[in-house]
Amino acid sequence: MSQHARHLAFGGDYNPEQWPAEVQDEDLELMAEAGVTLVTLGVFSWGTYEPERGRLELDWLDATLDRLHGAGIAVDLATPTAAPPVWLLQEHPEILPVSRTGQRYAQGGRLGWCASHPVWRAEAERIVGALAERYGDHPAVTMWHLGNELGGGNRHCYCDVSAAHFQRWLAERYGDVDALNAAWGTAFWGHRYTRFEHVLPPRDSETIGRGNPGLVLDFDRFSSDALLEHLRAEAAVVRAHSDRPVTTNFMVGTGPHVVDYARWAAEPGLLQVTSTDHYVHATDEHRAQGVAWISDRMRGLRPDEPWLLMETAAGAVSWQPRNVPLTPGELRRNAFSHVARGADGVLFFQWRASAAGAEQFHSGMVPHAGRRSRTFAEVVELGADLRAAAPLAGTLVERARVAVLVDEEAGWAWEAGPKPIWGYPITELARQAHRVLHARGIRVDVVPTTRLADLELYDLVVVPGVFLMSTGTASAVAAVADRGARVVVGHLSGLVDPTNRVVTGGYPGLLRELLGVHVDEQHPLLDGVTVAVEGGLRARDWTERVEADDASVVARYLEGPYAERPAVTRRDVGATGQAWYVSAAFDDDALGTVLDLAADGLGLGPVVPVSPGLDVVRRGAPQGSYLVVLNPTDRAGEVHAAGTDLLTGVTAPSHTVPAGAVVVIAEELGRAPLAATRRT
Amino acid sequence: MSQHARHLAFGGDYNPEQWPAEVQDEDLELMAEAGVTLVTLGVFSWGTYEPERGRLELDWLDATLDRLHGAGIAVDLATPTAAPPVWLLQEHPEILPVSRTGQRYAQGGRLGWCASHPVWRAEAERIVGALAERYGDHPAVTMWHLGNELGGGNRHCYCDVSAAHFQRWLAERYGDVDALNAAWGTAFWGHRYTRFEHVLPPRDSETIGRGNPGLVLDFDRFSSDALLEHLRAEAAVVRAHSDRPVTTNFMVGTGPHVVDYARWAAEPGLLQVTSTDHYVHATDEHRAQGVAWISDRMRGLRPDEPWLLMETAAGAVSWQPRNVPLTPGELRRNAFSHVARGADGVLFFQWRASAAGAEQFHSGMVPHAGRRSRTFAEVVELGADLRAAAPLAGTLVERARVAVLVDEEAGWAWEAGPKPIWGYPITELARQAHRVLHARGIRVDVVPTTRLADLELYDLVVVPGVFLMSTGTASAVAAVADRGARVVVGHLSGLVDPTNRVVTGGYPGLLRELLGVHVDEQHPLLDGVTVAVEGGLRARDWTERVEADDASVVARYLEGPYAERPAVTRRDVGATGQAWYVSAAFDDDALGTVLDLAADGLGLGPVVPVSPGLDVVRRGAPQGSYLVVLNPTDRAGEVHAAGTDLLTGVTAPSHTVPAGAVVVIAEELGRAPLAATRRT
Amino acid sequence: MSQHARHLAFGGDYNPEQWPAEVQDEDLELMAEAGVTLVTLGVFSWGTYEPERGRLELDWLDATLDRLHGAGIAVDLATPTAAPPVWLLQEHPEILPVSRTGQRYAQGGRLGWCASHPVWRAEAERIVGALAERYGDHPAVTMWHLGNELGGGNRHCYCDVSAAHFQRWLAERYGDVDALNAAWGTAFWGHRYTRFEHVLPPRDSETIGRGNPGLVLDFDRFSSDALLEHLRAEAAVVRAHSDRPVTTNFMVGTGPHVVDYARWAAEPGLLQVTSTDHYVHATDEHRAQGVAWISDRMRGLRPDEPWLLMETAAGAVSWQPRNVPLTPGELRRNAFSHVARGADGVLFFQWRASAAGAEQFHSGMVPHAGRRSRTFAEVVELGADLRAAAPLAGTLVERARVAVLVDEEAGWAWEAGPKPIWGYPITELARQAHRVLHARGIRVDVVPTTRLADLELYDLVVVPGVFLMSTGTASAVAAVADRGARVVVGHLSGLVDPTNRVVTGGYPGLLRELLGVHVDEQHPLLDGVTVAVEGGLRARDWTERVEADDASVVARYLEGPYAERPAVTRRDVGATGQAWYVSAAFDDDALGTVLDLAADGLGLGPVVPVSPGLDVVRRGAPQGSYLVVLNPTDRAGEVHAAGTDLLTGVTAPSHTVPAGAVVVIAEELGRAPLAATRRT
């Protein structure tokens, strides 16, 4: 991401076509005031570019690019495929996706296209080609933004064209149909297939509520792949005309995601820049940790390069039941939390809040009230702060000593078909582990199963609810203990193989040997019921009947269905390796107690001494290292690190961080250049 | 409504075709006992009149009309278009409406027709014509009842015929498609249209949840107009054969309504009588005020003439989760609350409770148990009371000194697309203002924006959540303060223009100058959260970041996101004018405190001195004036007004109203004939 | 059920096609260990038998049958019509059912067929014929299992073929269409039909929520009959080739059921064995009573012969939100509760928990963990206990002295169209009456209205919420009092006739004379509201305005809408007959108080003296009688009955039943052979 290595990008989606000329004039004034350096242009502009088939009207775009370039603002130019124009949908309604219940989508939303449809593909390539050819070398264009939030609205399509595509995908995956029958266990309920052409997407019906778990999981995989094919096609067209980097904005959250971002990010040569959108949920009681989690998760996709925050909101969003603005100072703290964790830029949706359209009450960097507003004032301050923090651009984030393992497919597998506890947010377990460690000032890396080799780098690896596992993943987890480090496996991990089939012979089948336990029964607790566990803990939601074949019992259930049986176990592996099993679900406090035990003696903690509640992350590069310190508390705190605060210019042996504030310390002495650290 | 000027009508929907002859005989006896004067006949009788195409069997209707006429009972004869016969739906299923998700309605309900369909229109005109021709001069027929609860079941139709009708309506409204693009802001999400023929109704799809607010609002307008076209067509056919007045039964409630009754009522020459249905909700904690509210709202449509309560329930309804009968005495109080507020008659759905059919457990004037029942006993008493109160017929209700402004389009606009606080019942705010004033014994007129000139008549005008405003409405509101009266604007008023587009530059854009405030941020409170405000108040649900540019601060937020900032402001206009802004949502108590402050010195209160909790309204005419006094409390109360109680014949200088009872006082002395009063 | 007369069957659904050969080998070992005697084979195996049209591959089945037979395990061979193979659904998608909203079911579930479709019927008969011909005399096959849970997934089909079938059914039922119009009261809302061909199933639409109650009820009846026709067709094909008994597994629960099992069970010659499935609900606070209730309900269908528990779960099910295993010992108690109440066998779904497919987390007799598991250990114990209890096989259950009357049609009628209290679980009232009596140690027989003559056998008959009644049922209820016994009628009984039409003239129309009361008004209480009744009772949910014309008042309402009016009444009939009316809904305690009063002097109680909380039932035959005693409490209890515990071999004058345990006592002395007892 060389374009951004010299500064931290700042800006947002810019949709001038929504506004009259005088407002566009004011835009440039206000962008200058705020220090905007990068805008995303044209995400929804196909209908503006081509009001009817074949009539391209790009003068407006030419002028806008020139104008922005003249103002020193770079452009992340979007391919406008997020919004096929109305005339195209009228001409080819067959490209609109079909829902699980067989309803063809209506025009009037977003992403109104089926990823498998050849007519759509041709149309998309045509408009992308036209833009790439014309603007591939435009000096304003520093990056291409392919589509928008792919899958957000068209994650699945159940039409017949998609069905045929799915059948081809399955034929390629399984080779012959009996392999598919075996993988999915179609003997159950008599679903045996005799031809791939007989397999249909898991369309909804009165009886499909309990669809085949293998089919449902594979349809999620296929759907991700179909969108990936579309992305590849757009990228190829752009690259034929332009050498600028391409990106597409992910929607990394708690997951499971609409597509498999880890696999997308890992595809060689496809995306030169990874970027994501992130929006704060008003009801999230742990908003600050939520930002850290998303950033750690995003960085985990490609830990060796910076990424870009492509969209966030400067205030309220419009799609939550009660859309609450950020609190004073939160804009800055969130932005620097992203930057601390590897973002090389902070962009917003959108520059100016729309007066009309479906998101008319979504905030903008410039709100409805205009310049005279708290939000714009904070935007201007943030712009200045990011300029001051420019030295961080291009640096890498220091590796944490703790990793949390995640896998989209595991989340999809859990949601495919009935499970012992319905609607249980299994992927939230990874965020919980992160949250518990974050609350202790311990940094966490989030490692996807596409990067199993990274597990070698950590002193402690947490495996929280990774329901599905390949034997490769299971081996990599076991290797952590084998090499003398520690692994903590949570409930609902390692239960099914990649076909979503239970591994029999005692749970958790894929990790039983590592953990030295045998579980023959799972007992979800009814909502609201808790069960006492030794050490003052209480289990909720989930318990298991554990036998510790080759493990020490750390804590026993004290009551409930499995009173006196093991709840938490530890198997010692070699001299220092440990494999912990946590068979119960716990709240944050109890899980923290268990993780404290599991981390005992490792000396985990903040990278430099800080007051409680402060969040500190180190980024560095050969030329120097930096500490980003956030204080989300309502009291001033101290960070004991010598250096210069880039935001204030103050140099001191230690720094006070006012309540709610941020400091960015260029460290003074003796820090070696950072690289991926290995466990000692 | 000359037909009803000599007495207060009493009766209900009469469906003798559901019963054998002996029951019909008993009906006439019981009607005589109850003093029934008017019945609505034939609402659902098309299938009885015309069992197959072209075979009209009207002997039964002839006989029924003659029979009723012979018994001295007038008939409000319905056009039977609420119920197209099954054979017609089988012959022309294309006239059945199509839902938002594209599903054609099934036969077997009510109102199974698309208002835009020419086949339906022709069929409706045919049957209406046949009836009007035959019965236009029948002496029993004193009124025509066109259709039934128009829009109640077929408010919207999304079929292709409706779509084409909508496109023509839009072409007429906007002239050219770019005007539509500008109005709706179709640049957002790339929804630009190049032809009116490309615009579709806001059909449902996975992505339409956040449909374009301008489109959704215009489709509501169009749908109201399409039903109005149908109503006009029926009226024209009837008028070609009959000089009797026509009405159609509205469903005036809290709103927003299924159609725009204010505009319908304002159409010159269309309806000679306005009428409405009203049903009590068992869970409504303020049932008595609910009746007053609905009546005040209904009268506001045409304040200079009486109206008719066309349907209410004598006991339980059948469409609420738990269908509870009225309490003893409630039947009479509710009836006289309607009469007090301008109703010249009280009719019920229906005369006799059905034994079969979809509403078999809906109450009737004659319940399943028959004459031996509490309900029928109260019906008989009510009939006698209404006869005694006959002098009220034809008189007008005295104007209140306080008005509440309402607008259907504003409610539709709020519900069209995502707003900062989803599902917030914005039109309930008008009822809340009415309720708070009602609880203080202060009468309220409800003024629709179709009658802005009426605003000149009031000392205090409340503008509660009138989200959408035209500049004309905004000017009329401002004029209230300019002429020296007072206006109180509540939150969520004046935010969008008639295209549902936010007025930028600080909220509330259309009223900012009047109020002297600037709001740059809205902060809905999460459910259950409250925030202290000066004066012992607590905000809930909604707060705003207010700057008082040209206004005094009446009360400040004491905590929460906007602590120390203004919550309630007042701008003085000239010598006596005042423009208040209430930026927060309050409960009834707190809103009452604010309205007390705003009304300070106006001397508002009951029209004559009464005990607390009594509700008193004056109706009058040149020949005399009357006080209707309701006592919904459980203690006897006093009304200090000299005159004669029409119900008991007692003449006294003041009157005791027993707990739960009603008195109707013919006032004795010195009352001038009433007319629309103007502010002194 | 002569096949099972010599032992109690034990086993479950066996689906070896889901497993490799080595697992199948282990199956036989484990079945031997557990003492399995009967397995159900082939429920979902059509696709295995016939992988493509006409290619029958039955070698696998031949081998499996031989193998099982060789191991001494009998086979209940299923017709595989629960699962039409995918190739058939692809070839004939028109056999898939259509939902109420018009959506054709997707492949991939269960029971994907329309019971009215001739193509389906032909296909079903073809495969059933092929199997019956080949295996009709196979020595392993001791019973035929026709389909599976008929109606569970395809209870209703709304397709055009079903509509035509429904029209023919109606024509047969009503003769001419005006009889149908009269029965359904189609004059309401103008639904009059002129041809049977115009009647459509109650398809869903925006307006159908309040569908005609007569239509909806008849469609339920028709749908049950259509499935019954299918069952008859399968039975006829089987009987053409085999003399083995046939059964189909019912799903008897609280109801109303998917079909009318009472009428199915009563059909002469159709089913040689009745059987049912039953699954425990994790959230049921009265699980033990639930098992007793289901068994009593099942036995009531054919009280003079044993039945079979065809499916239950050895642990967690997979279709509840939180799927909880059985507690230790519950497996045995539940099994013996079924046996006590007439089951001659206990079978499970399924033998081995599936690793894949829609129910991969549904328990099995052999769980995922295999032999090493609590569940399999309890299964082995149960097998031994059932062998020890073999003498019970073929014996009849002693008649209770109390009956509860039930009727599927009454439940359907209640759910057809709006009622005064929506969603009220009326059929739960029968289970409540059973529960209250069960808690007192009083045995209850559950009598369907298909067996009204059985009512002559009881001292006390409870009629709980039997909303719909024929005059025949009403007469049979009245006859109970007339012959000097007692009847207790609960609220919501006897209100509508078999056309779902209210019987007018005062509620409850069909029982008013018997009860000597007149009710003119029903008043459901709002959720959470209760009303005091004399005797320390509190009504909830439901009250009525009762006049006791010819009855004593047992308890009055003390407050609420009907304060001082009768709540509970008793009419004395002759010397000893009594007819009680309970107009209010009560909780278990209050209902118990009322039933204690109603049973006063009858001396009801356990059949032999037992400690509180123990459940004791007598089964017997000419050769001896047996007491099954369950102790679901957590304390040991005593049963004062001399004899030998079949499970332990201990002979004693009385027996201690450990907490949670079961004893089965072969009674020692003086017991006469049992027969249906008549009231003295």
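In the hairpin formed by β16(A) and β17(A), three residues lie between the strands, and A:Gly535 adopts a positive phi near 90°. Strands here are DSSP runs of E with at least two residues, helices are runs of H or I with at least four residues, and both are numbered from the N terminus. The structure is a predicted model, in which local features need pLDDT of at least 70, side-chain atom pairs count only at pLDDT 80 or more, and totals for chains, interfaces and linings use all residues. Residues are numbered from 1 along each chain as its sequence is written, chains are lettered from A in the order in which they are written, and side-chain values use heavy atoms, with hydrogens and water left out.

Strand β16 (residues 530-533) of chain A runs antiparallel to strand β17 (residues 537-540) of chain A, and four bridges join them; pairing requires that DSSP find at least two bridges between two strands. Within this pair, A:Val531 stands opposite A:Ala539 of β17(A).

Chain B is superposed on chain A by a rotation of 120° with 0.0 Å of shift along its axis, at an RMSD of 0.0 Å. The two copies are thus related as by a three-fold rotation axis. In chain B, the C-alpha nearest the axis belongs to B:Gln103, at 5.7 Å. Chain C is laid on chain A by a turn of 120° and a shift of 0.0 Å along the axis, with an RMSD of 0.0 Å. In chain C, the residue closest to the rotation axis is C:Gln103, at 5.7 Å (C-alpha). Superposition is by least squares on the C-alpha atoms of residues with pLDDT of at least 70 in both copies.

The contact between chains B and A (heavy atoms within 4.5 Å) involves 53 residues from chain B and 47 residues from chain A. About 4,600 Å² is buried between the two chains, 57% of it on carbon and sulfur atoms; buried area is the accessible area (1.4 Å probe) lost by two parts on being put together, summed over both.

Five salt bridges are found across the interface of chain B and chain A, a salt bridge being a side-chain nitrogen of Lys or Arg within 4 Å of a carboxyl oxygen of Asp or Glu. One of them joins the side chains of B:Glu547 and A:Arg372 at 2.7 Å, N to O. On the side of chain B that touches chain A, β15 (517-524) and β18 (542-548) of chain B each supply at least two residues. The largest contribution to that side comes from β15(B), with seven residues.
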